[in-house]
Amino acid sequence: MMAVVFGVMVATSFVYALLCGSMQPLSEGVMTAAEDAVTLLIRLSGVLCMWSGFMEIARRSGLMQALSKALAPLLSRLFPRVDRHSDAFAYITMNVSANLLGLGNAATPLGLSAMRELRRMSDSDTATDEMVTFVIMNTASMQLLPTTVATLRHSYGSSSPFDIIVCVWISSAAALAVGLLSSRIIGRKGNGVHRSAAACGGMRLRAR
């Protein structure tokens with residue numbers, strides 16, 4: 001769907017520039033945007049590789065297991081039917097940890113693995129409460145350290161890229177609270193809504 005939307009935007013821009021005689025500014029804009037995109041990608045890649053490396057070190061050193069134990073009491077309340085010692089619970093914990101560090105891209109494969117494990121635990125095609133809760137948590141993405149956003153701000157010349165941290169805490173916590181509350185309320189009206197929510201969340205995970 002996004003490919004279609006993007007294609008329509010590009011075609012519309014080209015036709016508009018052709019009719020208005022603005023092909024030269026369009027060509028310059030395309031070249032400049034392409035150069036800026038590559039430059040930004042390189043900057044972000046360095047930071048993402050660094051934090052992803054930290055996550056791998058944390059996993060191999062046992063820090064992730066310790067964090068899993070620390071988060072287990074809270075997550076077990078949100079996912080009461082998921083065994084703490086299961087792969088699904090481990091992937092959920094690592095996904096939440098990555099999101100807390102603001103590593104949305106690093107959290108994506110962990111989130112997909114968690115959804116696959118949760119799907120295996122279900123006996124039907126209807127999304128379970130645990131699947132919906134996980135999608136909401138991943139989408140709201142509660143962040144303690146907005147690494148990716150801070151990197152973007154720094155790349156565009158911000159002298160204090162982390163000065164938004166309090167706003168990020170408030171907004172992400174509010175989004176998470178509203179999402180979980182809405183899920184509990186709407187979930188009582190039928191599983192069809194949950195199926196739609198899980199499908200939308202899965203699309204977002206793949207997009208990220």
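**An arginine and its surroundings**

Let me begin with Arg-81, which is exposed, having a relative accessible area of 55%. For this talk, buried means under 20% relative accessible area, exposed means over 50%, and partly exposed lies in between, with a 1.4 Å probe and protein chains only. Please bear in mind that this is a predicted model, in which local features need pLDDT of at least 70 and side-chain atom pairs count only at pLDDT 80 or more, while totals for chains, interfaces and linings use all residues. Residues are numbered from 1 along each chain as its sequence is written, and side-chain values use heavy atoms, with hydrogens and water left out.

What does Arg-81 form with Glu-130? The two form a salt bridge, with the closest N and O atoms 3.1 Å apart; the term denotes a side-chain nitrogen of Lys or Arg within 4 Å of a carboxyl oxygen of Asp or Glu. This pair links distant parts of the chain, since Arg-81 lies in the loop between α3 and α4 and Glu-130 in helix α6, 49 residues apart. Helices here are DSSP runs of H or I with at least four residues, strands are runs of E with at least two, and both are numbered from the N terminus. In contrast to the exposed Arg-81, Glu-130 counts as buried, at 6% relative accessibility.

The search of the whole structure finds four salt bridges. Another joins Glu-117 to Arg-120, with the closest N and O atoms 3.0 Å apart. These two residues are three apart in helix α5, and so are separated by about one helical turn. Glu-117 is buried, at 16%, whereas Arg-120 is exposed, at 62%.

Asp-163 and Arg-153 also meet through their side chains in a salt bridge, at 2.6 Å from N to O. Because Asp-163 lies in the loop between α7 (147–155) and α8 and Arg-153 in helix α7, the pair ties together parts that are ten residues apart in sequence. Arg-153 is partly exposed, with a relative accessible area of 26%.

I turn now to the nonpolar core. By this I mean a set of buried Ala, Val, Leu, Ile, Met, Phe, Trp, Tyr and Cys residues joined through side-chain atoms within 4.5 Å. The largest such core has 24 residues, and those touching the most other members are Leu-75, Phe-79, Ile-92, Val-96, Leu-118, Phe-134 and Met-137. At least two residues come from each of α3 (63–78), α4 (87–100), α5 (104–121), α6 (129–140) and α8 (165–187). Which helix gives the most to this core? That is α6, with seven residues.

Leaving aside neighbours within four places in sequence, Phe-79 is in contact (heavy atoms within 4.5 Å) with Ile-92, Glu-130, Thr-133, Phe-134 and Met-137.

Finally, the protein as a whole. Its secondary structure comes to nine helices and zero strands. Of its 208 residues, 37% are buried. Among contacts with a separation of 6 or more, 67% are between residues 24 or more positions apart.
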